[in-house]
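Here's a quick briefing to read alongside the model. Have the viewer open as you go.

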Amino acid sequence: MAESPTGRIVAGALSPHPPHLVYAENPPQNEPSAECGWEGLRWGYERLRRTLDQLDIDVIVVHSPHWKTSQGHHVLGVPEFKSLSVDPIFPHLFRFHYDLSVDVELAEAIAEEGQAGGLAMHVMRNPDFRVDYGTITSCQLTRPAWDLPIVAISSSRVYFDFNNDVGDRQMVALGRATRRAIERTGRRALLLASNSLSHRHFTQEPEIPEDMSHERIYHHGQYLWDMHVLDLMRRGRTRQLMAEMPDYIEHATSECKDGSLSWLLGAMEFPDYPAEVHAYGTVIGTGNAIVGWIPPETAAEVAR
Amino acid sequence: MTVELALIVPRMPHPLLCPDASEGYRALADAYAEARRRIEAVQPDLIVLYSAGWNSILGHQVQADPAPEWVHVDQDFHALGSIPYKLRMDPGFADAMTEAGQARGLRVRTVSYKGFPIDTGTVTALKLLNPDNRFPASVVSCNIYADRAETVVLGKAAADAIRAQNRRVVAIAVTNISHRLHSVPVPPDQDRFASLKDDEWTRKLLEILDEGRLEDVSQLARTFTAQAHADSKLKGIWWLASCAGAHNRYSGEVLAYAPVQGAGCAVVSLKPDALAVANLEFDEDDVDVYRGDRNVLAPAGETASTAGTPAPSAPRRSEATPVAAKSPARRGTGRVDVAADRAPKPVGAYPHARRVGDLLYLSGVGPRQAGTDAIPGGPIRNADGVAQEYDIEAQTRAVIDNVRRILEAAGSSLDRVLDVTTFLVDMDRDFKGYNRVYAELLGGIGPTRTTLAIRALPTPIAIELKVVAAAGDADLASLTGVMGG
């Protein structure tokens with residue numbers, strides 16, 4: 001198939017998936033309800049949404065740390081999913097009734113491009129499959145209308161089975177395969193990397209989960225690393241970020257070890273333009289940032 | 001009652017979903033069937049599982065939905081098919097295990113939500129071992145941050161609940177042994193271990209398990225994890241050994257060992273057997289109460305309500321009476337618990353002593369020796385319950401020495417003892433000897449004293465002392481005045 005002239009990544013975002021943020025938003029699909037909580041991050045998501053609302057987007061492609069696969073990279077390949085997602089770790093916060101559609105053509109194209117690039121790819125075609133809560137959370141917070149199809153990509157355990165360098169190389173290859181598939185199918189895609197930054201949790205929570213007097217970073221060293229990483233993003237130095245990624249993962253116990261951010265940066269060919277950091281905040285001790293990358297072509301479109 | 005049978009089973013779905021796809025999968029499925037027959041022979045009234053594939057962060061979780069029902073699909077092996085299930089859980093036992101865990105310092109809670117995602121390993125194990133839900137089950141999660149101490153205490157909490165409810169139990173660790181999967185799918189008939197090194201180490205562990213030496217394998221878990229690609233640090237085996245009994249007196253049998261997409265999967269049966277080999281030369285600590293082994297960088301004085309774990313050391317009460325950092329563990333405002341390294345371990349979930357204000361309240365102290373649990377003067381009965389000759393004077397002397405050790409660990413001393421209650425199992429036989437040693441060691445100090453005859457003590461000892469003493473930094477004269485007033 002010839003490349004479509006309109007197929008491209010129109011934006012990318014780091015869109016972490018703490019279920020606490022959905023819980024605090026009180027959407028009708030979620031069973032538990034909250035009084036408040038994590039406003040800094042939720043308002044950051046609002047700013048991201050305002051930016052994205054200006055863009056013409058066909059599909060959301062999300063890479064989620066909570067669809068964990070040991071054997072290669074998997075993509076959702078069933079057109080519709082409707083079920084209940086219960087977070088196994090925070091079930092008291094997240095029991096979400098989802099109803100979503102999948103861009104199967106793009107999913108299959110990503111699998112094909114990945115395989116052509118030497119990756120082990122699988123299209124998930126079991127209709128009973130339950131979509132992971134990371135995918136749902138990132139999509140809900142980024143596009144609560146659920147009016148766009150999605151493609152969800154699993155998180156391979158390659159970092160755990162080999163090492164961070166091997167993991168990053170594979171995720172960059174997967175990102176490039178994703179970009180080629182988007183271009184080939186003519187989609188205007190929004191890419192979401194669903195991971196947190198530093199990722200050491202406190203192992204207990206306050207009696208009222210949204211009691212913000214208890215919320216802070218787990219460890220100052222992790223905060224310093226997170227700030228360094230965000231500074232690199234804001235200065236458009238994502239190649240340096242990739243070079244430091246293996247160390248960052250180890251020193252900050254970063255959820256980048258699940259590969260989402262490396263996939264995003266690989267797909268976007270390592271943006272050298274500034275990212276917009278919409279928010280940074282902690283959730284039960286982990287560091288989370290909402291960050292948007294708008295490529296110059298997209299910015300020019302919006303300006304017109 | 002206790003654990004009648006312990007099992008280790010893998011957490012891969014293949015023996016359930018495609019048992020005939022390879023010789024190895026068939027061997028595992030057949031081993032599951034044999035394990036099922038052994039469960040049915042025991043006729044337990046409960047199956048308790050620890051699942052390495054159910055990860056938790058906020059402490060541990062226990063499934064309390066009485067009848068969880070769903071159509072499960074594995075995240076990795078979705079192409080093998082769906083697994084519809086309806087399980088039978090025991091919410092009453094889940095509550096009991098949760099309370100027992102909390103009493104031992106753990107964070108444990110029950111979960112009971114429609115649609116809660118029960119993990120592949122648990123579903124597979126219960127479908128194959130208990131397909132008609134004849135026996136109720138209880139499942140506890142694997143905390144991703146937990147290390148040995150926390151997991152061992154979790155196993156003891158399960159044992160506490162089993163005893164408290166007088167249950168006849170089969171305990172199961174749902175865990176692979178090695179957990180390195182092939183990074184690309186391998187046709188089942190060509191399945192092999194992903195790592196020769198993992199396979200070699202796993203065979204060594206299985207050889208030991210085949211001899212029934214469960215605690216030896218538990219003690220080797222760290223070594224195995226350092227050398228091979230262990231499944232969740234083998235926490236499942238830590239838990240199993242702790243729950244079923246941390247010893248080597250089992251009749252062991254490896255029913256099957258085979259690769260499943262590269263992972264080392266085994267079905268192992270361990271039946272408690274008093275006549276089996278027993279090697280008690282253990283290296284690892286035997287922890288009874290969890291006081292936290294994480295969050296070592298938390299700011300001093302941080303409270304448990306805001307930190308992941310209690311602060312690693314308690315603030316000193318005053319510079320004038322320094323107390324070893326490891327000894328007093330702060331539990332709450334105004335109270336400090338004392339754990340004395342040089343005194344015998346408590347035999348239950350209680351501290352050696354608790355300080356409240358200027359007073360130290362000691363738990364009952366017996367004559368057992370720290371480290372060895374030997375009883376000076378000999379036990380009053382042997383392991384078969386046969387009465388033995390013993391020396392009450394030696395036991396009394398050892399008790400008072402243990403009281404001294406605890407008081408010194410708390411920054412106090414024997415000469416600050418204020419009140420003593422003595423329990424004797426044989427007043428007629430032992431009072432004179434006890435009284436003679438008491439007069440020698442405590443008579444000059446002169447605490448108030450009460451001596452009682454009781455039927456038995458928890459271990460084969462003849463004497464126990466309950467002591468109240470003044471703290472080391474308390475003004476004794478002032479304290480006496482207060483008490484007198």
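**Two-chain model at a glance**

In chain A, residues 24 or more positions apart account for 83% of the contacts with a separation of 6 or more, where a contact means two C-beta atoms, placed from the backbone, within 7 Å. For chain B the corresponding share is 76%. Keep in mind that this is a predicted model, in which local features need pLDDT of at least 70 and side-chain atom pairs count only at pLDDT 80 or more, while totals for chains, interfaces and linings use all residues. Residues are numbered from 1 along each chain as its sequence is written, with chains lettered from A and ligands numbered from 1 in the order in which they are written.

**Confidence**

- The model scores ipTM 0.94 and pTM 0.76.
- Chain B has an average pLDDT of 87, and 87% of its residues score at least 70; pLDDT is the predictor's confidence in each residue, from 0 to 100.
- Over residues 295-334 of chain B the pLDDT is below 50, though this stretch has 63 contacts in the model beyond near neighbours in sequence.
- Residues 481-485 of chain B also stay under 50, and here the model has 0 contacts beyond four places in sequence.
- Where pLDDT is low, the predicted coordinates should not be read in detail.

**Chain A overall**

- Chain A has 10 helices and 10 strands, counted as DSSP runs (helices H or I, at least four residues; strands E, at least two) and numbered from the N terminus.
- A compact globule of 304 residues would have a radius of gyration near 19 Å, and chain A agrees with its 18 Å; the radius is taken over C-alpha atoms, and the globule rule is 2.2 Å times the number of residues to the power 0.38.
- Its C-alpha trace spans about 55 × 45 × 40 Å along the principal axes.
- Of the 304 residues in chain A, 57% are buried (20 or more other C-beta atoms within 10 Å of the residue's own, with C-beta atoms placed from the backbone; exposed is 12 or fewer, partly exposed in between).

**Covered elements in chain A**

- Strand 2 (residues 59-69) of chain A is mostly covered, with 10 of its 11 residues buried.
- Strand 2 of chain A runs parallel to strand 7 (residues 150-156) of chain A, joined by 6 bridges, and His63(A) stands opposite Ile153(A) there; pairing requires that DSSP finds at least two bridges between the strands.
- Strand 2 of chain A also pairs in the parallel sense with strand 8 (residues 188-193) of chain A over 5 bridges, and Val59(A) stands opposite Ala189(A).
- In helix 4 (residues 133-142) of chain A, 10 of 10 residues are buried, including Tyr133(A), Ile136(A), Cys139(A) and Leu141(A).

**Chain B and the cores**

- Chain B has 11 helices and 17 strands, and 51% of its 485 residues are buried.
- The largest nonpolar core has 96 residues, of which Met97(B), Ala171(B), Ile172(B), Leu240(B) and Val267(B) touch the most other members; a core is a set of buried Ala, Val, Leu, Ile, Met, Phe, Trp, Tyr and Cys residues joined through C-beta atoms within 7 Å.
- Helix 5 (residues 148-164) of chain B gives the most to this core, with 9 residues.
- Apart from that core lies another of 89 residues, among them Val102(A), Ile182(A), Leu265(A) and Ile284(A).
- Leaving aside neighbours within four places in sequence, the contacts of Leu240(B) include Ala6(B), Ile8(B), Tyr50(B) and Leu214(B).

**Where the chains meet**

- 32 residues of chain B are in contact with 28 residues of chain A.
- By class, the chain B side has 16 nonpolar, 13 polar and 3 charged residues (nonpolar: Ala, Val, Leu, Ile, Met, Phe, Trp, Tyr, Cys and Pro; charged: Asp, Glu, Lys and Arg; polar: the others, Gly among them).
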